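Student: Could you walk me through how to read a few features of a protein structure? I would like the general idea, then the case at hand.

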2 protein chains.
Amino acid sequence: MRAAAMKNWELRVDDVEDPVPGAGQVLTRVLACGICGSDLHMLRFGREMRELMQQIQADDPADSVSVNLFEPEHDCVMGHEFCCEVVELGSGVTNLETGDRVVSLPGAIDESGAHAVGYSNRYPGGYGELVVLNELIAIPVSADVPSSIAALTEPMAVGMHAVNKSGIVPGDAAIVLGLGPVGLACVAELKRRGIGPVIGADFSAKRRGLAEHFGCDEVVDPNSETAIAAWRRVDGIKPLVVFEAVGMPGMIDQAMKMAPKDSRILVVGVCMPQDHLLPMVGNTRELSIQFVFGYTPEEFVETHQVITAGGWDLAPMITGTVTIDGVPQAFADLGNPDEHAKILVQPA
Amino acid sequence: MRAAAMKNWELRVDDVEDPVPGAGQVLTRVLACGICGSDLHMLRFGREMRELMQQIQADDPADSVSVNLFEPEHDCVMGHEFCCEVVELGSGVTNLETGDRVVSLPGAIDESGAHAVGYSNRYPGGYGELVVLNELIAIPVSADVPSSIAALTEPMAVGMHAVNKSGIVPGDAAIVLGLGPVGLACVAELKRRGIGPVIGADFSAKRRGLAEHFGCDEVVDPNSETAIAAWRRVDGIKPLVVFEAVGMPGMIDQAMKMAPKDSRILVVGVCMPQDHLLPMVGNTRELSIQFVFGYTPEEFVETHQVITAGGWDLAPMITGTVTIDGVPQAFADLGNPDEHAKILVQPA
């Protein structure tokens, strides 16, 4: 099949072997797959991160972090935000039929264990034409939900999970730093729950406009006004939760320096290189920092239910579509994100 | 009066002006005052920390961190863990008499606002002969509690506060990194509440012995076995809270690298220089980091009640006593903490 594959930390479009569904699995063709910032980071920082993680595991062999997701010297087709159509049933599949459209947690289970679809040499993700999924965790997409919207289940679930882990309740206020897809997912979920004010910060006018589309009460260009100054201007009283959704070095430090005493910081962005902070700032303000990652299966299902019920108007988030051949250029475009939120890969 | 005073980030023993009690205040003579690691850090890192905090305030003038505790070019008599005897009553004092022994939160309130006793040019702390305290927050010490033990109220309250903020409950396990006075206070409070196993780690045999005295279930010399390996050996199942009580660069990183998925890290040590961490480790394990600082007035009172009721056998924590003239040498000795936990200053 045609696929944008990563090998030796480089991305290229090539023909790779078709995946084959095993027992309880289905072969699907990708209808739409969102390009995730994590994949840009993986390409840029993956080698360094892999070395760091291997060092941690060498220091502590009983460590719980799995680092052997994929071998970098073999093809890894990334892409974990997909909506697919079933084209072939593996043995024992009874609840899906060819032609069904599905979304799924990007995980595959077989006799060798669990695999991360999109970060695996064995299970290619949605930047290729074909994906193998397990029937057990595939969710049928209802006829009135376009594939492009259904593909946003995964990134929106990241926002729902972050909001759940924050413990935020009506009566609290929120700042969201970074209005890329993850920051927008946080804004959309915060506003769906009636939290306010929500203050969003991003250098991109396009992304600030999208945050307003999701009901963000105030948006700021950090070149003109800091998020915390905007919060003081419009509120300044309610308990504050700061969602860090940029995931680059220096952002946790920035969030800590702006956070008022006793506030919470949710680290939703995933910063792969080493980062710095001033612990003293954390101590004197008694800050709490909750790191988050992914979502639970229940949250994935609930997110898809919200999408199906029309809980968010997600279409404006999609700022571009490319074929598989266009994936490397889309990665380059997302490196300069002024004009983009979510770019979808549509192989067909 | 005689005092060990800090000026221009140097500590020397000298004659300084006697403090004078204002309305609602009492003049006291210091019976015992513990030397706190924060004071060693203040001497070593205070200049750098002050510059960092001033930068934060310059970037964000509405910031809530007060940095003007004292002017470094004037005398600052540190020492905030004291038990004192009232020697003179200011105007309007009705509930204290000369001869009363008291402990107090190290804060003074007057017409100019709130001051941190021990980090103030105006209110000298317990490394001098005389301290001024507010009647309102002074707690009489009962006759059967020695002054040396009563002076431990403050550091023990730090441990109680950290344990309270951790939300730890019986059924959870704890690791305490660093068994200096703050780490020991955490161990003592965890064991008083029936938490177990508690695993303590310190390079000093003396301090490990003290942790065992307070009921620590396992103690490790990190040169021989890591704390997390010891936890896996004796438990490895219960939800884990890691108390970081060293307060030096690299400790948060170390705590994050050892912490299992979903665990909490309580940062009790106060690291003044810039520090580093790997956010990715926090994300993939969904760690939470709660920074803590000090204690509430209620926790200070409760701690003193526990001490009065004999809830902890604290005498072995006191590993040395010095007069005021011996304070600089005691600071030097605590820089190499193998033989020490708490050194008390006894001016008389």
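Tutor: Gladly! A nonpolar core is a set of buried Ala, Val, Leu, Ile, Met, Phe, Trp, Tyr and Cys residues joined through side-chain atoms within 4.5 Å. Keep in mind that this is a predicted model.

Student: Which residues of the largest nonpolar core touch the most other members?

Tutor: In soluble globular proteins, nonpolar side chains tend to be buried together. Here the largest core has 151 residues, and A:Tyr127, A:Ile175, B:Tyr127 and B:Ile175 touch the most other members. A separate, second core holds 50 residues, among them B:Ile149, B:Ile195, B:Val198 and B:Val219.

Student: How many aromatic pairs are there over all chains?

Tutor: A pair of aromatic rings is described by the distance of the centres and the angle of the planes. There are six such pairs over all chains. In one of them, the ring centres of B:Tyr127 and B:Phe331 are 5.9 Å apart and the planes stand at 90°, so this pair is edge-to-face. The two partners come from distant parts of the chain, 204 residues apart: B:Tyr127 sits in the loop between strands E7 and E8 of chain B, and B:Phe331 belongs to helix H10. B:Tyr127 and B:Phe331 are both buried. For B:Tyr295 and B:Phe300, the centres are 5.6 Å apart with planes at 40°, so that pair is tilted. Both B:Tyr295 and B:Phe300 are buried as well.

Student: Now a helix, please. Which residues of H9(A) are buried?

Tutor: An α-helix has 3.6 residues a turn, so residues three or four places apart point the same way. Helix H9 of chain A runs over residues 297-308; its twelve residues reach 17 Å from the first C-alpha to the last, close to the 16 Å expected. Its buried residues are A:Glu299, A:Phe300, A:Thr303, A:His304, A:Val306 and A:Ile307. They cover an arc of only 155° around the axis, which puts them on the same side of H9(A). The face turned away from that side carries A:Glu298 and A:Gln305, which are exposed. After H9(A) comes A:Gly310, with a positive phi near 75°.

Student: What covers the buried residues of H9(A)?

Tutor: The cover includes strands E5 and E9 and helices H2, H3 and H4 of chain A. You can see this from one residue: A:His304 has a relative accessible area of 4% and is buried. Beyond its neighbours within four places in sequence, A:His304 is in contact with A:Val103, A:Ile139, A:Pro140, A:Val141, A:Ala150 and A:Thr153.

Student: Is B:Cys83 buried or exposed?

Tutor: Its relative accessibility is 0%, so B:Cys83 counts as buried. This residue is in strand E4 of chain B. Leaving aside neighbours within four places, its contacts include B:Arg29, B:Leu31, B:Val102, B:Val141 and B:Ala151.

Student: Last one: what rotation superposes chain B on chain A?

Tutor: A rotation of 180°, with 0.0 Å of shift along its axis and an RMSD of 0.0 Å. That is the relation of a two-fold axis. In chain B, the C-alpha nearest the axis belongs to B:His276, 2.1 Å from it. As for the interface, 98% of the interface residues of chain B are also interface residues in chain A, so the copies meet through the same surface.

Notes: Residues numbered from 1 in each chain as written. Chains lettered and ligands numbered in written order. Predicted model: local features only at pLDDT ≥ 70, side-chain atom pairs only at ≥ 80, totals over all residues. Heavy atoms only, no water. Phe/Tyr/Trp six-rings, centres within 6.5 Å; stacked < 30°, edge-to-face > 60°. Helix = DSSP H or I, 4+ residues; strand = E, 2+ residues; numbered from the N terminus. Buried < 20%, exposed > 50% of the residue type's maximum accessible area, 1.4 Å probe, protein only. Contact = heavy atoms within 4.5 Å. Expected span 1.5 Å × (residues − 1). Arc of directions from axis to C-beta. Least-squares fit on C-alpha atoms with pLDDT ≥ 70 in both.
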